[in-house]
Amino acid sequence: MFGLKYFKFQPSEYVLRYTKGKLIAEGTGLAFFCYAPNTSIAAIPIGSIDTPFIFEEMTADFQSVTLQGQLVFRIINPKETACMLDYTLNLKGKRGHLSEDPKKLPQRMINSVKVLAKKHLASMTLHEALRVGESLVSSIFEELGQSEEIKRLGLEVMGLSLLAVLAKQETTRALEAQTREQILKTADDAVYERRNASIEQERKVKENEYNTEIRIEQKKRQVREVQLEAEQAVQQRQNLLKEEQMLFEVKLEEKRKTLLLEAEQAAQQKQNLLKEEQMLFEIKLEERRKELVMLAMENACAEADARAYTLKVAMKALEGVEVGVIQSLASVGMQPDKLMALAFQGLAANAEKIGQLNISPDLLREIMGKDAYEKTDGKQTRSRQT
């Protein structure tokens, strides 16, 4: 006898609850009590489902290949999936589904992959099938996403990976042998090519050496030719320079003679001009001297006239004056030496009246002064020496 039961589902399960044939509740992660005799519950997992696969297919050249990989999908429309497949739970005994449809879903998806893989491999050879990988996965994944059957089931393909594409063991060995032989042949070819390349390289090296020697000889010959041309050019240049130097020396000598002649002519002209100027200057100087002599004569006459007039006036003023008075007047303001001279002149005039007169140097020094005496004594000494 069935009674009231409690059910609790995970968030990764989409639950459809039917009572008496009517949908009364749906959603993820539900928990509820229900009466089992009149209740049906469909639990659809909405999480991702990983389904590995391995199967064999035939290529276009009738070779069997094994494909190994993994398919990832999930249910995106649980109601459509529940309509197409039976996900009803068993409420009588242990919890589980009443049908085998949930277990068959991954195989149905693998069958879809097998159908598409068979279609693609049917147009490929064994070598192409073994080499193809990403392109085959991309093609199958794209066609699975466009498949109407998968859309009607409410499914979405999340990923497809192809882990290996393998041939049979005997075929693999044959391919390995063929490849091995090809590799060995390639290695032999590489050895032969290396030897040929070495021989060719040696030939090129020898040829380059010979070409280099030939070019060196040609270059040496060119250098010698250039040196000869340069020497000839230098010789020609030296000859030209000598000729130019000789012409320059001739022209220089002519120029020097011309300049000397011009200089002599200019000097002669200059001397003539100087002589003419000197004669003119001497003439003018002589005329100037004559003028100066005439002026000197006129000045001398004028001075003589002035002195004669002065003397005449003085003599006229002294007419009738005694000689002693005149001498006294003349002695006014005289220097001592002149007074002494007048005194000695008086003594000399009356010498016959003087018996003996002694004049000592000290007296003369006191009267005339030391400097005047020394000066007078010096003059007397010089006079005696003379």
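## What lines the cavity

By class, the lining of the largest cavity has 10 nonpolar residues, no polar ones and no charged ones. Here Ala, Val, Leu, Ile, Met, Phe, Trp, Tyr, Cys and Pro count as nonpolar, Asp, Glu, Lys and Arg as charged, and the others, Gly among them, as polar. This is a predicted model, in which local features need pLDDT of at least 70 and side-chain atom pairs count only at pLDDT 80 or more, while totals for chains, interfaces and linings use all residues. Residues are numbered from 1 along each chain as its sequence is written, and side-chain values use heavy atoms, with hydrogens and water left out.

The residues to look up are F53, F55, L67, V113, A117, L136, V137, I140, L160 and L162. Lining residues have an atom within 4 Å of a cavity point; a cavity is a set of points, on a 1 Å grid over the protein atoms alone, where a 1.4 Å probe fits but cannot get out.

The structure holds 1 cavity of 30 Å³ or more, and about 50 Å³ of space lies in the largest cavity. Volume is the space filled by probe spheres set on the points, with grid points joined across faces, edges and corners.

At least two lining residues come from each of β6 (49–58), α2 (101–121), α4 (134–145) and β8 (155–167). The largest share, 3 residues, belongs to α4. Helices (H or I, at least four residues) and strands (E, at least two) are DSSP runs, numbered from the N terminus.

## The sheet

How are the strands ordered? An open sheet of 3 strands runs β6-β7-β8, with antiparallel pairing. Its edge strands, β6 and β8, each pair on one side only. From one strand to the next, the twist averages 20°. Two strands pair if DSSP finds at least two bridges between them.

Between β6 and β7 (residues 64–75) there are 10 bridges. Among the partners in β7, F73 bridges to I49 and V72 stands opposite D50.

## Helices on the sheet

α2 touches β6, β7 and β8, and its direction makes about 35° with that of β6. α4 touches β7 and β8, its direction making about 150° with that of β8. Contact means heavy atoms within 4.5 Å; axes are lines fitted to C-alpha atoms, for helices over the stretch in contact, and angles run from 0 to 180 degrees between N-to-C directions.

Note on methods: On a 1 Å grid over the protein atoms alone, a cavity is a set of points where a 1.4 Å probe fits but cannot get out, and a pocket is an open set with protein on both sides within 12 Å along at least five of seven lines; lining residues have an atom within 4 Å of a point.
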